[in-house]
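Work through the exercises below with the structure in view, and try each task before reading its solution.

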Amino acid sequence: ILNEINVLDTKIQEYKHLTTQIADINNKIIDTEKAIKLHEELSAIFIDSAKIMRDKAKTHFEKIVTDALQFVSQDSTCKFVIEESMVRGKPAYEFYIETLVNGEVCRKKPEESCGGGFIDIISVTAKVAYLKIFSNPKIMNVCFQMDEPGKMISEQMSVKFAEYIKFLGKQFGLQIIMVTHNENIAVIANDTIVVTKNRNG
């Protein structure tokens, strides 16, 4: 009988021990589920916040470049559009130029618009737009260097493009150094250095 009582006591102790372990495991499961839920909620908040910030920057960027395109082209229907898509779980972007042709919206890639001249306008404006959106004073105070800006822009648009470059310099207090063969662009410079080839040398 004593042996049976001892065996029973041992079983009871084992049962209590297992019950305690099960309770601890259940508590850990509950804590883990809470942590997972919190993580999912925070991830959703971060994803939504990132999307809101991307959309805000995208809208601002589109507006700045659109204003530049309209000023240089003198076409109030011209619009810069950024189209966002997801590629392998990451945002990817395509750029387009929209204009009205006979009352219909025409969308083209920048390299296909205006003989590729719009790429020059976008590349110059995009640098300033980026700096303005992210407001980095250390970057904004730098000297802007431009190598052949507007090389694909038509003669007609190059005058307005030059005016726009000068506007950017004044608006943001930027010192701009350019290398150009375009006289319509060179004429806006405060100081000009003409480099000629020495035919005797």
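**Exercise 1.** Decide whether Glu98 counts as buried, partly exposed or exposed, and find its salt-bridge partner.

*Solution.* Begin with the cut-offs: buried means under 20% relative accessible area, exposed means over 50%, and partly exposed lies in between, using a 1.4 Å probe and protein chains only. Because its relative accessibility is 15%, Glu98 counts as buried. Next, look for a salt bridge, which is a side-chain nitrogen of Lys or Arg within 4 Å of a carboxyl oxygen of Asp or Glu. Glu98 forms one with Arg107, and their closest N and O atoms are 2.7 Å apart. Arg107, at 37% relative accessibility, counts as partly exposed.

This is a predicted model, in which local features need pLDDT of at least 70 and side-chain atom pairs count only at pLDDT 80 or more, while totals for chains, interfaces and linings use all residues. Residues are numbered from 1 along each chain as its sequence is written, and side-chain values use heavy atoms, with hydrogens and water left out.

**Exercise 2.** Explain how far apart Asp55 and Lys51 are along helix 1, and describe how their side chains meet.

*Solution.* Helices (H or I, at least four residues) and strands (E, at least two) are DSSP runs, numbered from the N terminus. Since Asp55 and Lys51 are four residues apart in helix 1, they are separated by about one helical turn. Their side chains meet in a salt bridge of 2.8 Å, N to O. Asp55 is partly exposed, with a relative accessible area of 27%, and Lys51, at 36%, is partly exposed as well.

**Exercise 3.** Which residues have the most contacts inside the largest nonpolar core, and which element gives the most to this core?

*Solution.* A nonpolar core is a set of buried Ala, Val, Leu, Ile, Met, Phe, Trp, Tyr and Cys residues joined through side-chain atoms within 4.5 Å. The largest one has 29 residues, and those with the most contacts inside it are Phe61, Leu69, Phe80, Ile97, Phe118, Ile121 and Phe161. The elements that give two or more residues to this core are helix 1, strand 1 (79–87), helix 2 (117–134), strand 4 (143–147) and helix 4 (155–172). Helix 2 gives the most, with seven residues. Finally, consider Phe118, taking contact to mean heavy atoms within 4.5 Å. Leaving aside neighbours within four places in sequence, Phe118 is in contact with Leu69, Ser73, Cys78, Ile97, Pro110, Ser113 and Met157.
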